[in-house]
Amino acid sequence: MITYTTNAPQAVPAAVMSAADDDADAWLPATGVRASVAREAVLFQQGDKARSCYRIVSGAVRLCKIMADGRRYVVDFLLPGDLIGLEAGDTHAFTAEAIVDTELTRYARPQLRLALEGDARAGRRLLDLTMQSLAAAQDQLLLLGRMNALERVATFLLQFKRRLGAHLMAQPIVPLAMTRADIADHLGLTLETVSRMLAELKRRGIIELPHPQEIHIRDRAALAALAGDAHH
(Lines give C-alpha, C1' and ligand atoms only; values in the text may rest on other atoms or scores of the structure.)
Protein backbone atom coordinates (compact mmCIF):
# COMPACT_ATOMS: atom_id res chain seq x y z
CA MET A 1 0.00 0.00 0.00
CA ILE A 2 1.23 3.50 -0.89
CA THR A 3 -0.02 6.47 1.14
CA TYR A 4 0.64 10.03 -0.01
CA THR A 5 0.74 12.21 3.07
CA THR A 6 0.99 15.72 1.66
CA ASN A 7 1.24 17.72 -1.55
CA ALA A 8 3.75 20.08 -0.01
CA PRO A 9 7.50 19.50 0.25
CA GLN A 10 8.75 18.43 3.66
CA ALA A 11 12.14 18.62 5.25
CA VAL A 12 13.81 15.23 5.65
CA PRO A 13 14.75 14.47 9.27
CA ALA A 14 18.50 14.05 9.60
CA ALA A 15 18.02 10.92 11.69
CA VAL A 16 16.65 8.94 8.74
CA MET A 17 19.13 10.15 6.13
CA SER A 18 21.64 7.42 6.85
CA ALA A 19 22.87 7.30 3.26
CA ALA A 20 21.56 10.61 1.93
CA ASP A 21 23.48 13.73 1.01
CA ASP A 22 21.74 17.12 1.32
CA ASP A 23 24.05 18.85 -1.16
CA ALA A 24 23.86 16.00 -3.68
CA ASP A 25 20.04 16.13 -3.66
CA ALA A 26 19.70 19.92 -3.78
CA TRP A 27 19.03 19.79 -7.53
CA LEU A 28 15.72 17.95 -7.07
CA PRO A 29 12.47 19.94 -7.45
CA ALA A 30 10.92 21.40 -4.29
CA THR A 31 7.49 20.07 -5.31
CA GLY A 32 7.96 16.42 -4.35
CA VAL A 33 5.15 14.57 -2.59
CA ARG A 34 5.92 12.51 0.52
CA ALA A 35 4.72 8.91 0.34
CA SER A 36 4.68 6.01 2.81
CA VAL A 37 5.06 2.49 1.45
CA ALA A 38 4.29 -0.52 3.62
CA ARG A 39 6.66 -3.49 3.89
CA GLU A 40 6.43 -5.77 0.82
CA ALA A 41 4.20 -3.28 -1.02
CA VAL A 42 4.86 -2.84 -4.75
CA LEU A 43 5.85 0.67 -5.77
CA PHE A 44 5.59 -0.12 -9.49
CA GLN A 45 5.59 -3.22 -11.65
CA GLN A 46 7.87 -4.20 -14.48
CA GLY A 47 6.17 -2.89 -17.64
CA ASP A 48 4.14 -0.15 -15.89
CA LYS A 49 4.06 3.31 -17.41
CA ALA A 50 6.94 5.34 -15.94
CA ARG A 51 5.20 8.51 -14.78
CA SER A 52 7.19 9.28 -11.62
CA CYS A 53 10.59 9.02 -10.00
CA TYR A 54 11.15 8.50 -6.28
CA ARG A 55 13.82 9.39 -3.76
CA ILE A 56 14.13 7.12 -0.73
CA VAL A 57 13.99 9.06 2.54
CA SER A 58 14.13 6.07 4.89
CA GLY A 59 13.80 2.32 4.54
CA ALA A 60 14.92 0.11 1.64
CA VAL A 61 13.61 -1.03 -1.75
CA ARG A 62 14.57 -3.95 -3.98
CA LEU A 63 14.51 -3.79 -7.76
CA CYS A 64 13.53 -7.10 -9.37
CA LYS A 65 13.45 -8.51 -12.88
CA ILE A 66 11.09 -11.39 -13.56
CA MET A 67 12.42 -13.71 -16.24
CA ALA A 68 10.28 -15.34 -18.92
CA ASP A 69 10.41 -18.66 -17.04
CA GLY A 70 9.21 -17.03 -13.81
CA ARG A 71 12.55 -16.83 -12.06
CA ARG A 72 13.32 -13.66 -10.09
CA TYR A 73 16.56 -11.71 -10.30
CA VAL A 74 17.12 -8.98 -7.71
CA VAL A 75 18.88 -6.25 -9.67
CA ASP A 76 19.71 -3.96 -6.76
CA PHE A 77 18.90 -2.89 -3.21
CA LEU A 78 18.17 0.83 -2.91
CA LEU A 79 18.75 2.82 0.27
CA PRO A 80 18.07 6.32 1.67
CA GLY A 81 19.24 8.95 -0.80
CA ASP A 82 18.88 6.67 -3.84
CA LEU A 83 16.59 7.55 -6.73
CA ILE A 84 14.16 5.03 -8.24
CA GLY A 85 12.50 5.13 -11.64
CA LEU A 86 15.02 7.07 -13.74
CA GLU A 87 14.13 4.97 -16.76
CA ALA A 88 15.46 5.59 -20.24
CA GLY A 89 12.12 4.59 -21.80
CA ASP A 90 8.46 5.20 -21.08
CA THR A 91 7.92 2.01 -19.05
CA HIS A 92 9.59 0.58 -15.97
CA ALA A 93 12.14 -2.12 -16.75
CA PHE A 94 11.98 -3.54 -13.21
CA THR A 95 9.57 -4.10 -10.34
CA ALA A 96 10.21 -2.04 -7.19
CA GLU A 97 9.18 -3.50 -3.81
CA ALA A 98 9.59 -2.09 -0.31
CA ILE A 99 11.71 -4.43 1.82
CA VAL A 100 10.63 -2.66 5.01
CA ASP A 101 8.26 0.21 5.76
CA THR A 102 9.69 2.96 3.58
CA GLU A 103 9.33 6.73 3.23
CA LEU A 104 9.72 8.24 -0.23
CA THR A 105 9.45 11.55 -2.03
CA ARG A 106 7.71 11.26 -5.40
CA TYR A 107 8.53 13.53 -8.34
CA ALA A 108 6.59 13.67 -11.60
CA ARG A 109 8.91 13.04 -14.54
CA PRO A 110 8.03 16.39 -16.20
CA GLN A 111 9.22 18.14 -13.03
CA LEU A 112 12.59 16.43 -13.30
CA ARG A 113 12.84 17.34 -16.97
CA LEU A 114 12.27 21.00 -16.12
CA ALA A 115 14.89 20.81 -13.38
CA LEU A 116 17.40 19.34 -15.82
CA GLU A 117 16.66 21.91 -18.53
CA GLY A 118 16.95 24.89 -16.22
CA ASP A 119 19.89 23.95 -14.01
CA ALA A 120 23.35 22.90 -15.21
CA ARG A 121 24.08 21.50 -11.74
CA ALA A 122 21.08 19.20 -12.09
CA GLY A 123 22.41 17.89 -15.39
CA ARG A 124 25.80 17.21 -13.86
CA ARG A 125 24.20 15.40 -10.92
CA LEU A 126 22.15 13.20 -13.23
CA LEU A 127 25.28 12.40 -15.23
CA ASP A 128 27.03 11.43 -11.97
CA LEU A 129 24.13 9.12 -11.07
CA THR A 130 24.22 7.56 -14.54
CA MET A 131 27.95 6.90 -14.31
CA GLN A 132 27.56 5.41 -10.83
CA SER A 133 24.83 3.09 -12.10
CA LEU A 134 27.02 2.02 -15.01
CA ALA A 135 29.95 1.30 -12.68
CA ALA A 136 27.68 -0.72 -10.38
CA ALA A 137 26.37 -2.72 -13.34
CA GLN A 138 29.93 -3.48 -14.44
CA ASP A 139 30.85 -4.62 -10.93
CA GLN A 140 27.78 -6.87 -10.86
CA LEU A 141 28.75 -8.45 -14.19
CA LEU A 142 32.21 -9.20 -12.80
CA LEU A 143 30.72 -10.62 -9.62
CA LEU A 144 28.30 -12.93 -11.44
CA GLY A 145 30.69 -13.96 -14.19
CA ARG A 146 34.07 -14.42 -12.54
CA MET A 147 33.66 -14.91 -8.77
CA ASN A 148 32.94 -18.08 -6.86
CA ALA A 149 30.18 -18.25 -4.25
CA LEU A 150 32.32 -17.26 -1.26
CA GLU A 151 33.83 -14.31 -3.15
CA ARG A 152 30.35 -13.12 -4.19
CA VAL A 153 29.06 -13.10 -0.62
CA ALA A 154 32.21 -11.35 0.67
CA THR A 155 31.95 -8.71 -2.04
CA PHE A 156 28.27 -8.13 -1.36
CA LEU A 157 28.85 -7.58 2.37
CA LEU A 158 31.63 -5.08 1.77
CA GLN A 159 29.82 -3.19 -0.97
CA PHE A 160 26.60 -3.01 1.02
CA LYS A 161 28.40 -1.77 4.12
CA ARG A 162 30.09 0.95 2.06
CA ARG A 163 26.71 2.10 0.74
CA LEU A 164 25.28 2.48 4.26
CA GLY A 165 27.23 5.70 4.74
CA ALA A 166 30.49 6.99 6.13
CA HIS A 167 29.20 7.12 9.72
CA LEU A 168 28.73 3.31 9.68
CA MET A 169 31.98 2.43 7.91
CA ALA A 170 34.01 2.42 11.14
CA GLN A 171 31.52 0.12 12.86
CA PRO A 172 31.72 -3.68 12.46
CA ILE A 173 27.93 -4.10 12.13
CA VAL A 174 26.23 -4.60 8.76
CA PRO A 175 22.43 -4.29 9.19
CA LEU A 176 20.61 -6.24 6.48
CA ALA A 177 16.97 -5.42 5.81
CA MET A 178 16.74 -8.02 3.04
CA THR A 179 16.33 -11.77 3.48
CA ARG A 180 18.84 -14.48 2.60
CA ALA A 181 16.59 -15.34 -0.36
CA ASP A 182 16.87 -11.74 -1.61
CA ILE A 183 20.65 -11.92 -1.36
CA ALA A 184 20.67 -15.26 -3.18
CA ASP A 185 18.57 -13.87 -6.05
CA HIS A 186 20.91 -10.87 -6.26
CA LEU A 187 24.10 -12.94 -6.34
CA GLY A 188 22.86 -15.66 -8.67
CA LEU A 189 23.10 -18.31 -5.94
CA THR A 190 20.67 -20.58 -4.12
CA LEU A 191 19.42 -19.80 -0.62
CA GLU A 192 21.26 -22.86 0.67
CA THR A 193 24.54 -21.70 -0.88
CA VAL A 194 24.28 -18.22 0.66
CA SER A 195 23.63 -19.79 4.06
CA ARG A 196 26.62 -22.13 3.64
CA MET A 197 28.93 -19.27 2.61
CA LEU A 198 27.91 -17.16 5.61
CA ALA A 199 28.51 -20.16 7.86
CA GLU A 200 31.95 -20.63 6.26
CA LEU A 201 32.85 -16.98 6.86
CA LYS A 202 31.79 -17.44 10.47
CA ARG A 203 33.83 -20.66 10.76
CA ARG A 204 36.92 -18.77 9.57
CA GLY A 205 36.36 -16.09 12.21
CA ILE A 206 35.74 -13.39 9.59
CA ILE A 207 32.15 -12.59 10.62
CA GLU A 208 29.66 -13.24 13.38
CA LEU A 209 25.94 -13.92 12.87
CA PRO A 210 24.14 -12.65 15.97
CA HIS A 211 20.84 -12.08 14.13
CA PRO A 212 19.39 -12.96 10.68
CA GLN A 213 19.30 -9.24 9.81
CA GLU A 214 22.67 -8.37 11.30
CA ILE A 215 26.24 -9.36 10.50
CA HIS A 216 29.33 -8.35 12.47
CA ILE A 217 32.56 -8.13 10.50
CA ARG A 218 35.42 -9.30 12.71
CA ASP A 219 38.21 -9.35 10.11
CA ARG A 220 37.69 -6.71 7.43
CA ALA A 221 41.07 -7.38 5.81
CA ALA A 222 40.29 -11.07 5.34
CA LEU A 223 36.87 -10.24 3.90
CA ALA A 224 38.44 -7.73 1.49
CA ALA A 225 41.04 -10.30 0.44
CA LEU A 226 38.28 -12.75 -0.46
CA ALA A 227 36.53 -10.01 -2.43
CA GLY A 228 39.77 -9.07 -4.20
CA ASP A 229 39.43 -5.45 -3.12
CA ALA A 230 42.16 -3.78 -1.11
CA HIS A 231 40.20 -0.52 -0.82
CA HIS A 232 37.50 -1.79 1.59
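**Close-up views of a predicted model**

**View 1. The buried residues of helix α3.** In α3, Ala-149, Leu-150, Arg-152, Val-153, Ala-154, Thr-155, Phe-156, Leu-157, Leu-158, Phe-160 and Lys-161 are buried, where buried means under 20% relative accessible area, exposed means over 50% and partly exposed lies in between (1.4 Å probe, protein chains only). Because 11 of the 15 residues of α3 are buried, this helix is largely enclosed by the rest of the structure. The model is predicted, so that local features need pLDDT of at least 70 and side-chain atom pairs count only at pLDDT 80 or more, while totals for chains, interfaces and linings use all residues. Residues are numbered from 1 along each chain as its sequence is written, and side-chain values use heavy atoms, with hydrogens and water left out. Helices (H or I, at least four residues) and strands (E, at least two) are DSSP runs, numbered from the N terminus.

**View 2. The span and the two ends of helix α3.** Helix α3, residues 149–163, reaches 21 Å from its first C-alpha to its last, close to the 21 Å expected at 1.5 Å a residue; the expected span is 1.5 Å times one less than the number of residues in the helix. At the start of α3, a side-chain oxygen of Asn-148 comes to within 3.2 Å of the backbone nitrogen of Leu-150. The helix is followed by Gly-165, which has a positive phi near 120°.

**View 3. Aromatic pairs.** Three aromatic pairs are held by the structure, a pair being rings of Phe, Tyr and Trp (its six-membered ring) with centres within 6.5 Å, where planes under 30 degrees apart count as stacked, over 60 as edge-to-face and the rest as tilted. The rings of Phe-44 and Tyr-54 have centres 6.3 Å apart and planes at 25°, so this pair is stacked. Since Phe-44 lies in strand β3 (residues 42–44) and Tyr-54 in strand β4 (residues 52–58), the pair ties together parts that are 10 residues apart in sequence. Phe-44 and Tyr-54 are buried. A stacked pair is also formed by Phe-156 and Phe-160, at 5.7 Å centre to centre with 25° between the planes. Phe-156 and Phe-160 both belong to helix α3, where they are four residues apart, about one turn of the helix. An α-helix has 3.6 residues a turn, so residues three or four places apart point the same way. Both Phe-156 and Phe-160 are buried, and together with Phe-77 they form one aromatic cluster.

View 4. Strand β2 (residues 33–37) is mostly covered, with four of its five residues buried. Strands β2 and β9 (residues 102–108) run antiparallel and are joined by five bridges; two strands pair if DSSP finds at least two bridges between them. Arg-34 has Thr-105 in β9 as its bridge partner. In the loop between β2 and β3 lies Glu-40, whose phi is near 70°, a positive value in a residue other than glycine. Most residues other than glycine have a negative phi. Glu-40 counts as partly exposed, at 38% relative accessibility.

**View 5. Strands β10, β11 and β12.** Three bridges pair strand β10 (residues 173–175) with strand β12 (residues 214–217) in the antiparallel sense, and Pro-175 stands opposite Glu-214 in β12. Strand β11 (residues 207–211) is likewise antiparallel to β12, to which three bridges join it, and the bridge partner of Glu-208 in β12 is His-216. Two residues lie between β11 and β12 in the hairpin that these strands form.

View 6. Leu-223 is found in helix α7 (residues 220–227) and is buried, with a relative accessible area of 0%. Leaving aside neighbours within four places in sequence, Leu-223 is in contact (heavy atoms within 4.5 Å) with Ala-154, Leu-157, Leu-158, Leu-201, Ile-206 and Ile-217. The C-alpha atoms of Leu-223 and Leu-201, which are 22 residues apart along the chain, are separated by 8.4 Å. Ala-199 has its place in helix α6 (residues 191–203) and is partly exposed, with a relative accessible area of 42%. A separation of 8.4 Å is found between the C-alpha atoms of Ala-199 and Leu-209, 10 residues apart along the chain.

Definitions and conventions: A polar contact is a pair of N or O atoms within 3.5 Å; within protein, one must be able to donate a hydrogen and the other to accept it, and residues adjacent in sequence count only if both atoms are side-chain atoms.
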